[in-house]
Structures are given as C-alpha cells and as structure tokens.
Amino acid sequence: MRFAIREFLAIGQEIRLVFNGNHYLPGLPELNGTVAWQKSAVGPAGTNSIDTGIFFSLLDPVTKNRIHEWLLKDGIVQREFAETDQFKDLGSAYDSSTATFQVLRAFGWGPLINLGYFRFPTPVSALNLLYNLVLLKTAYMLPSAQVRLVRKAFKLLEIQAGDDVLDIGCGRGLSSFLIASSHPTSSVIGIDLLPEHVNVATTLYGNIHNLKFEHGDALSLRFQNGSFGKVLCLEAAFHFADREKFLKEAFRILEQGGRLVVVDFAWKTDKDRQILKDEFTRFVQNEWKWSDFFSLGQYIKTAKSAGFKVEGFYKWSRRVTGPIQFIFDTFAKAGQWRWSRAALCRFNPLLHSLTDNHWATLHYSAKAHNHIRRHVEYIALVLKKPGEN
Ligand SMILES: C[S@@+](CC[C@H](N)C(=O)[O-])C[C@H]1O[C@@H](n2cnc3c(N)ncnc32)[C@H](O)[C@@H]1O
C-alpha cells in the first residue's frame, strides 16, 4: 500500500495519517507527525519527485518496529533520525537544497558564507534595511556586513608582519584572501572540510602569491607543532563534533605566544541547552548541520584546560544574529502575501527560484531560528598560547 500525499505540505506542518482498514498495522488507526524536511528531485525525462520526511512523535519501540516492517514491504526507505546524521551531509548546509540557503544566495551569499556584522545593532536593526534602501544598496547589505565581520575577527588576531596564518573553515576563500591581501608579508593557508569549497576558493583566489587553499579537517590538522603565529576560525566551529579536540589541535599547531580567534555560537547558559530536543531546534540543526554548542563558560574552561590563556571574549549577537534575524523575519512575513512576494521577486529576480513550498518553509524557518537565537550568544573568543613570539 503506497500512500500518495496530494495536498501541499509545508515544513513544520502537523499531519495525521489515518489508516482506512486494509492496512498492515491493525490496532493503529492513525499516526501523528510533523513534516521535518522535503527535498525535490528531477528524475529521468524531467519527472519530479518529492521526498518527504516526517517526525512521528512518541512512538514506542514495538510500534516503530511494526511501521518499519510495513514500510519495508512497500519498498519505502525508512531512516532513523540519529544525532550523528547531522554531520553526514555537511554539503547540504551550503548547496541550494534548503529554502534558507536559496534566500541567502539571492541576497549575496557567495565567496563569504557567514551571517555578517551589521552597521546598526538591535533594537534599531530596522535601520540596516532603511539605510540600504535609501542608498539603493540593499543588494550589497549582506556582503558588506560579511566583510565587516571578517575584518572585526581578524583585527582581534593582531597579525604582525611575517606571521603565518591559518584560516580554519575558510569556506569559499574570501576571508583568507582579505587577510592575505592586507598582510602581503604573511603567508596564509585556508582549509575547509568541503572539497567543493576549496575548489571555489582556489578558482577565485588561487593566484595570490602568499595564499593557498587545501582540504583539511579542523579536528585532525596535518601541520606540525608550532607552525602558525595566528589561527582564525570564523563561524565554522558550530559544525564541529568535538570542540575540545579542535581547541587542542589549534593549541598544538600554534607557536608560543600565538593567537587563536574563534567566532562561534554559544549557549547563553548551560540551562539553555535544554531546547536541544525541541522541534524548532531540530529543524535548524538539520538545516545547518550542527549538534550542540558550548556555553561561554564551557568554552573558557575547555580553552584553559587545553593550555590557552583567555585574552578576551566579545558578545556580538546585537550586531550579527539580532539584525539578520530581523531581516529574515521581515522577509519571511513579506513572503506570506502574493503581492508582496511578487514585489520581492521583481526587486530581486533570483528569488524566482523559490516555490510556494519554499515560501511556506521560510516562514517556519524564521520562527525556528528566532527560537534558538533567544538562547544563543554569538561570540568571539581571543585565546593566546602562553610564551614569547
Ligand atoms: C559558515 S561557513 C564559514 C566560512 C568562512 N569562514 C566565511 O566566513 O565565509 C563554515 C565553514 O566551515 C567548514 N567546516 C565545517 N566543518 C569543518 C571541519 N571539521 N574542518 C574544516 N572546515 C569545516 C564548512 O565546510 C564551511 O565552509
């Protein structure tokens, strides 16, 4: 028995499957679930298929087993959602398979893939939109905020002439390029776990004399002890399965007196971690491929036990997550009505790639991100390896 879902389903939508008698699950008249993800694919000869993932809540192991057998009989692939799954598909956080990514791409995510540091903080973040509208520079709002974030982060590195710099999680290379071009006597290496990012970075900035890119994993670095004077990790550590390992690795490859700047998300307090099991949180975890954060206290404690001296920490939420959330909310709300959606598409033709389903998902996604944002601080941590340099 294959069931076809004819109705339009949106992510986050509650659904109830009602069985009509001739089913494989006697005694189970209905199931309640929530649409967790959808992925469309174009098959042979232009046929379209949509995979729909549904979280069924509160299922006991016996019922789970019966459903598993039922789905198998019908050739439907069932996948248990495990915490570790979130790491398996890092690329889908950055390709165009989510509505959120498509919007970010339309608004300038390209060589930089971070959230940006905005000119006007919360609670006046609406000014970011107004300022850019007045100057007719809205299309550049995100890229210029992104460059500002890189500059803020690498200022904290205090790069000296001749420093060797490692940019961990360099993405598509612009952060490494900005460092290399403003410090011509330094040599800069950018590494990233995604080969496609390394390829883009090499294509865009591969011909700079003091810059090179390579594939690498922050948790297992190929470099010898004491190889770098400065290490930057800008908005990449949220993906790491083991931050302690990362901090130990960074400590090892730094020379004495060297500096590490980590820009990351952190729980405001240890208690905030309790939202990990919420549906909103799981949605965002799945979109961005992360499983947990450190709290600020945990970060400092772990950095110290790795051997670092904490030089300082900064809370940047009011300039980063606050303003971008405001823009996301405004955009998602505008996408709810046909006329304003049409106006947005006219203003930015790249938005034509969004389907009705995407627009509905964006509305849910904005709410989910806002839920997490209230529990999370966007931080920059400055750590020093003791000794002379
Ligand atoms: C949000 S992007 C930020 C990229 C860049 N720093 C920027 O500001 O544009 C995070 C990057 O970290 C990379 N990444 C994730 N896990 C990694 C790991 N274990 N080692 C190295 N890079 C990793 C991702 O592939 C992605 O390019």
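This is a predicted model: local features need pLDDT of at least 70, side-chain atom pairs count only at pLDDT 80 or more; totals for chains, interfaces and linings use all residues.
A cavity, as I use the word in these entries, is a set of grid points where a 1.4 Å probe fits but cannot get out.

Rolling a probe the size of a water molecule over the atoms shows where empty space is left. My count came to 2 cavities of 30 Å³ or more, and I looked up the second largest cavity, whose volume is about 40 Å³. Its lining consists of A93, T98, T100, F101, L104, E287 and W288. By class I noted 4 nonpolar residues, 2 polar ones and 1 charged one in that lining. When I asked which helices take part, I found that α3 and α9 each supply at least two residues of the lining of the second largest cavity, and that α3 gives the most, with 3 residues.

**Entry on the second largest pocket.** I then turned to an open space, the second largest pocket, which holds about 850 Å³. I found 32 residues lining this pocket, and those closest to its centre are L104, I324, Q325, I327 and F328. For the helices around the second largest pocket, I wrote down α3 (99-106), α4 (126-134), α5 (141-157), α9 (279-288), α11 (321-334), α12 (338-347) and α13 (356-373), each of which supplies at least two residues of the lining. The largest share, 8 residues, comes from α11. Sorted by class, the lining of this pocket divides into 24 nonpolar, 6 polar and 2 charged residues.

**Entry on the ligand.** Which residues come nearest to the ligand? I found 21 residues around the ligand, and of these I113, G169, D192, H197 and D217 come nearest. The classes in this shell are 12 nonpolar, 6 polar and 3 charged residues. I next looked for polar atoms facing the ligand, and I noted that a polar side-chain atom of N114 lies 2.9 Å from one of the ligand's oxygen atoms. On the backbone side, a polar atom of L193 is 3.2 Å from a nitrogen atom of the ligand, while a polar backbone atom of A218 is 2.9 Å from a ligand nitrogen atom. I also looked up how far the ligand is covered: taken alone it exposes 600 Å², and the protein buries 98% of that.

**Entry on aromatic rings.** A pair of aromatic rings is described by the distance of the centres and the angle of the planes.

**Entry on the backbone.** Last, I looked up two places in loops. Where is P123 found? I located P123 in the loop between α3 and α4, and the peptide bond that joins T122 and P123 is cis, with an omega of about 10°. The other residue I noted is E158, which has a positive phi of about 50° although it is not a glycine. E158 lies in the loop between α5 and β4 (164-168).

Key
Residues are numbered from 1 along each chain as its sequence is written. Side-chain values use heavy atoms; hydrogens and water are left out. A residue is near a molecule or strand if one of its heavy atoms lies within 4 Å of it. A polar contact is a pair of N or O atoms within 3.5 Å; within protein, one must be able to donate a hydrogen and the other to accept it, and residues adjacent in sequence count only if both atoms are side-chain atoms. Accessible areas come from the Shrake-Rupley method with a 1.4 Å probe; for residues, only the protein chains shown count as cover. Ala, Val, Leu, Ile, Met, Phe, Trp, Tyr, Cys and Pro count as nonpolar, Asp, Glu, Lys and Arg as charged, and the others, Gly among them, as polar. On a 1 Å grid over the protein atoms alone, a cavity is a set of points where a 1.4 Å probe fits but cannot get out, and a pocket is an open set with protein on both sides within 12 Å along at least five of seven lines; lining residues have an atom within 4 Å of a point. Grid points are joined across faces, edges and corners, and a volume is the space filled by probe spheres set on the points. Helices (H or I, at least four residues) and strands (E, at least two) are DSSP runs, numbered from the N terminus.
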